[in-house]
Amino acid sequence: MTLADRIDRFRAVLDEWLRGLYHGMISHPAYEKIEQEAEDVMDTFMLACFPDAFGIPSPVSYYTAELLPYLDDEFEAWERRMWDRGSVLERKGHQYHF
Amino acid sequence: MEKFVFFGGKGGVGKTTVSSAYALKCANADQQTLVVSTDPAHSTSDVFDQQFDDDPRPVDGVDNLHAMEIDPDEEVEEHLMETKRALGDQVSPALVNEIDRQIEMAHQTPGAYESALFDRFVDVMRDSDDYDRVVFDTSPTGGTLRLLSLPEFLQGWIDRLLAKRQQSVKLFERAAIGNQEPRRMLDGDPIIARLQARKELFEYAEETLREQASFFLVLNPDTLSIRETERAVAGLSEYDLAVEGLVVNRLTPAPDDDEQGRGARYLRDRVATEQDRLATIRSRFEVPLVAAIETRVAEVRGDLLREVAAELDVSVAPDATASD
């Protein structure tokens with residue numbers, strides 16, 4: 001093995017480690033935050049669609065009902081998220097890794 | 001005169017009679033005419049002495065005239081079945097029950113009936129290529145007004161939903177790490193496709209109502225009816241839908257001059273009051289009075305309907321403006 005090969009290998013390992021470190025410290029939490037934000041927006045969407053799930057009558061539930069077959073997993077997850085959420089802080093708190 | 005003509009007004013003023021008479025007039029003027037009853041208490045069948053249902057059917061003995069009676073209950077049922085079928089195709093059996101309940105509930109809310117009626121309305125308007133004129137005999141004022149205001153109201157709502165959904169899906173796409181598949185994608189998202197289709201439907205409805213529809217209000221010469229009509233005109237103009245004419249129905253016929261009996265005196269008094277009210281209507285409304293129809297002894301059908309049709313001073317020509 002020549003010196004050049006060994007330098008290449010070392011650089012490859014270093015590269016992988018650096019990328020992993022960056023991913024773990026910077027990008028992964030960021031993606032998580034974006035995903036949670038996406039879920040929050042989805043919650044608002046679902047609440048606008050199905051307020052009657054919480055006893056608020058909706059004049060348009062007739063139209064939103066036809067969306068339900070495509071929202072199966074989201075609907076259940078959403079209902080659970082809505083019932084479980086103690087406060088805004090509780091969910092927002094998940095975003096920070098202390 | 002526009003292609004779609006709506007007759008509305010307080011309950012029991014004779015909307016069905018007037019709209020049937022008008023449809024007859026159009027048909028006799030060689031226009032392919034469809035008369036659509038949207039009143040849950042259908043009486044078109046009684047006027048033409050023939051049973052109608054949800055599909056347009058030719059009226060016996062009258063050329064060029066078809067009639068149909070919209071049944072929202074059937075539409076609600078169909079929508080429910082369709083949604084459930086989609087549910088069966090999409091959702092794992094374990095979840096079906098949970099969501100099924102939600103769907104059933106949605107079809108029992110008070111809004112369901114109106115939404116279904118509205119959908120049928122739009123369907124009829126869309127499939128009306130075979131006709132030169134479609135006459136709608138609508139349900140009493142309140143219901144109709146709500147129905148006609150639906151597109152604007154729903155458009156705003158659907159825009160908001162669409163924006164939220166798109167925003168959320170975009171965030172999901174962005175959150176996908178590296179080559180990982182995002183949890184949701186904009187392309188081929190069935191929700192966005194559905195919402196988009198609904199949006200187009202409402203836009204079509206709004207445009208058609210604004211540009212290709214004329215509205216007439218039927219009223220009786222009594223104070224209640226006049227007040228309600230005033231509110232209806234105001235309500236419709238709030239949605240930028242102009243009322244083109246008023247039809248006063250059920251005027252009392254005057255007795256001959258030489259009659260002096262109790263009945264004649266009663267009639268004379270009534271006629272005088274009604275003439276007063278007619279004057280009020282003429283002065284108070286900006287909308288022209290297009291017909292004043294006397295009350296008939298018998299039910300208005302057959303030949304009587306023809307007579308009433310002749311009294312309607314509403315133009316039937318397709319593109320001319322309404323006469324006054």
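Student: What should I know about the model before reading on?

Tutor: This is a predicted model, where local features need pLDDT of at least 70, side-chain atom pairs count only at pLDDT 80 or more, and totals for chains, interfaces and linings use all residues. Residues are numbered from 1 along each chain as its sequence is written, chains are lettered from A and ligands numbered from 1 in the order in which they are written, and side-chain values use heavy atoms, leaving out hydrogens and water.

Student: Which secondary structure elements does chain B have?

Tutor: First, the rule: helices (H or I, at least four residues) and strands (E, at least two) are DSSP runs, numbered from the N terminus. Chain B has 10 helices and eight strands. Chain A has four helices and zero strands. From the N terminus on, chain A runs α-α-α-α.

Student: How do I check the span of a helix?

Tutor: The expected span is 1.5 Å times one less than the number of residues. Helix 7 of chain B (residues 190-211) has 22 residues and reaches 32 Å from its first C-alpha to its last, close to the 32 Å expected.

Student: Where does helix 4 of chain B bend?

Tutor: A bend at a residue is the angle between axes fitted to the seven residues ending there and the seven starting there. Helix 4 of chain B bends by about 30° at B:I99.

Student: Which residues of helix 4 of chain B are buried?

Tutor: An α-helix has 3.6 residues a turn, so residues three or four places apart point the same way. In helix 4 of chain B, the buried residues are B:L95, B:I99, B:D100, B:Q102, B:I103 and B:A106.

Student: What is B:Q102 in contact with?

Tutor: Contact means heavy atoms within 4.5 Å. Leaving aside its neighbours within four places in sequence, B:Q102 is in contact with A:F50, A:D52, A:A53, A:L68 and A:F75. B:Q102 has a relative accessible area of 8%.

Student: How do I read a salt bridge?

Tutor: Side chains of opposite charge can pair when their charged atoms come close. The cut-off is a side-chain nitrogen of Lys or Arg within 4 Å of a carboxyl oxygen of Asp or Glu. The structure holds 19 salt bridges over all chains. One of them joins B:R120 and B:E75 (4.0 Å, N to O). B:R120 lies in helix 5 (residues 110-126) of chain B and B:E75 in helix 3 (residues 72-90) of chain B, so the pair ties together parts that are 45 residues apart in sequence. B:R120 is buried at 11% relative accessible area, and B:E75 is buried at 13%.

Student: Which residues are linked in a network of salt bridges?

Tutor: The network links A:E66, B:D119, B:R194 and B:R198. Within it, the closest N and O atoms of B:D119 and B:R198 are 3.4 Å apart. This pair links helix 5 and helix 7 of chain B, 79 residues apart. B:D119 is buried at 8%, and B:R198 counts as buried at 12%.

Student: What is the phi of B:D49 and of B:D240?

Tutor: Most residues other than glycine have a negative phi. Phi of B:D49 is near 55°, a positive value. B:D49 is exposed, at 60% relative accessibility. B:D240 has a positive phi of about 60°, and B:D240 is exposed at 57%. B:D240 lies in the loop between helix 8 (223-238) and strand 7 (243-251) of chain B.

Notes:
Buried < 20%, exposed > 50% of the residue type's maximum accessible area, 1.4 Å probe, protein only.
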